[in-house]
Protein chains: 2
Amino acid sequence: MKKQLSVKPLLFPMPATLVAAAHDGEQGLITVAWIGMVSGTPPTIGMAIRATRNTLRLIEASGEFTVNVPRVGMEAPVDFCGIVSGKGVDKFAAAGLTAVPASIVSAPLVAECPFNIECRLVGVQEMGEYRLVLGEIVETHADEEILNTAGKVDIGLLDPLLYVPGTQEYRGVGPKVADAYVVGVPLKERM
Amino acid sequence: MKKQLSVKPLLFPMPATLVAAAHDGEQGLITVAWIGMVSGTPPTIGMAIRATRNTLRLIEASGEFTVNVPRVGMEAPVDFCGIVSGKGVDKFAAAGLTAVPASIVSAPLVAECPFNIECRLVGVQEMGEYRLVLGEIVETHADEEILNTAGKVDIGLLDPLLYVPGTQEYRGVGPKVADAYVVGVPLKERM
């Protein structure tokens with residue numbers, strides 16, 4: 001039996017990412033769970049950030065940002081970056097995180113996050129009290145320790161943190177269930 | 001040591017959702033992992049779909065769609081809906097899934113998915129070979145069995161399917177790691 005829950009911003013699960021930007025000597029760092037891929041040609045990320053957030057101001061001023069995927073164990077700094085405003089605060093230091101230079105953009109990478117994405121801002125759209133920020137991916141980085149023998153990110157080794165809206169909790173990923181583009185083939189062949 | 005992986009549409013993890021639409025007696029069903037929240041005021045979902053996909057045509061024609069969150073165990077039909085085109089095919093029947101009426105929109109809900117979102121189309125944006133589809137959430141539904149005593153979705157009971165890009169696999173969610181808006185508070189108090 002289905003029950004109506006009314007209008008709520010729920011989707012299960014969400015990634016818990018750390019988004020960084022820098023401008024004019026100032027660094028910003030913010031937790032973003034409202035994020036996803038919005039195109040593959042070229043690879044482009046979309047994310048929603050409250051219009052009042054300091055890191056958004058740095059993204060718009062510099063035209064660049066990074067998306068950093070934290071791992072399980074980083075839930076305290078990830079949570080901290082979501083509940084504290086960055087105005088006049090060195091959030092990297094306060095969270096115990098390390099800013100390292102990216103390869104292309106001016107925004108720093110979060111060293112402790114095993115996977116990092118560099119983005120160039122390609123669009124900003126007003127969405128009520130939020131802005132939808134679109135960034136073209138210009139480089140990705142992974143810690144060597146999380147790559148499998150084929151050079152791809154092993155998500156078991158990455159062990160990324162998830163955000164669960166509603167009950168407001170952080171979780172890890174579970175075990176592998178099936179291979180994509182494989183497990184559905186028998187249904188296709190039966191057509 | 002970080003290694004550059006070049007430009008790839010990677011983010012870890014992604015939700016694996018089933019998006020449905022209907023128009024003029026035709027139903028469409030497609031797997032979408034490139035999806036996320038793009039605003040909270042009002043709650044709005046953004047998702048990227050290849051411009052050639054049949055379900056996109058039905059979304060644009062009807063101005064409505066549903067997002068359905070499948071659970072672990074549904075990986076075969078989820079994968080099937082991603083690899084097969086819906087033109088001239090009853091994908092619900094072929095995937096062994098059940099279309100049930102939504103409460104507000106014309107698009108059906110997927111009965112087997114324990115969580116469902118009804119959306120009204122509010123924007124479509126060309127993004128290379130993809131379109132970024134924006135939908136305002138007008139209702140959400142959950143199976144009663146996945147609600148906790150506070151009436152919120154218990155993600156352990158929902159047991160949603162995740163999609164992992166790169167290694168192309170489906171996974172479930174792992175155990176709870178921490179409470180959001182709680183675990184970061186000690187870092188804030190230390191400031």
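In helix α2 (residues 75-83) of chain A, the buried residues are Glu75(A), Pro77(A), Val78(A), Asp79(A), Phe80(A) and Cys81(A); a residue is buried if 20 or more other C-beta atoms, placed from the backbone, lie within 10 Å of its own, exposed if 12 or fewer, and partly exposed in between. Helices (H or I, at least four residues) and strands (E, at least two) are DSSP runs, numbered from the N terminus. This is a predicted model, in which local features need pLDDT of at least 70 and side-chain atom pairs count only at pLDDT 80 or more, while totals for chains, interfaces and linings use all residues. Residues are numbered from 1 along each chain as its sequence is written, and chains are lettered from A and ligands numbered from 1 in the order in which they are written.

The cover over the buried residues of α2(A) comes from both chains: it includes β3 (17-23), β4 (26-32), α3 (91-95) and β13 of chain A, together with β13 (169-179) and α5 (185-189) of chain B. Between the chains, 88 residues of chain A are in contact with 88 residues of chain B, contact meaning C-beta atoms, placed from the backbone, within 7 Å. Strand β13 (residues 169-179) of chain A gives the most to this side of chain A, with 11 residues.

Strand β11 (residues 130-143) of chain A also pairs with strand β1 (residues 2-4) of chain B, in the antiparallel sense over 3 bridges; pairing requires at least two DSSP bridges. Here Ala142(A) stands opposite Lys3(B).

In the backbone, the peptide bond from Thr41(A) to Pro42(A) is cis, with omega near -5°, and Pro42(A) is found in the loop between β5 (35-40) and β6 (43-50) of chain A.

Note on methods. Two residues are in contact if their C-beta atoms, placed from the backbone, lie within 7 Å.
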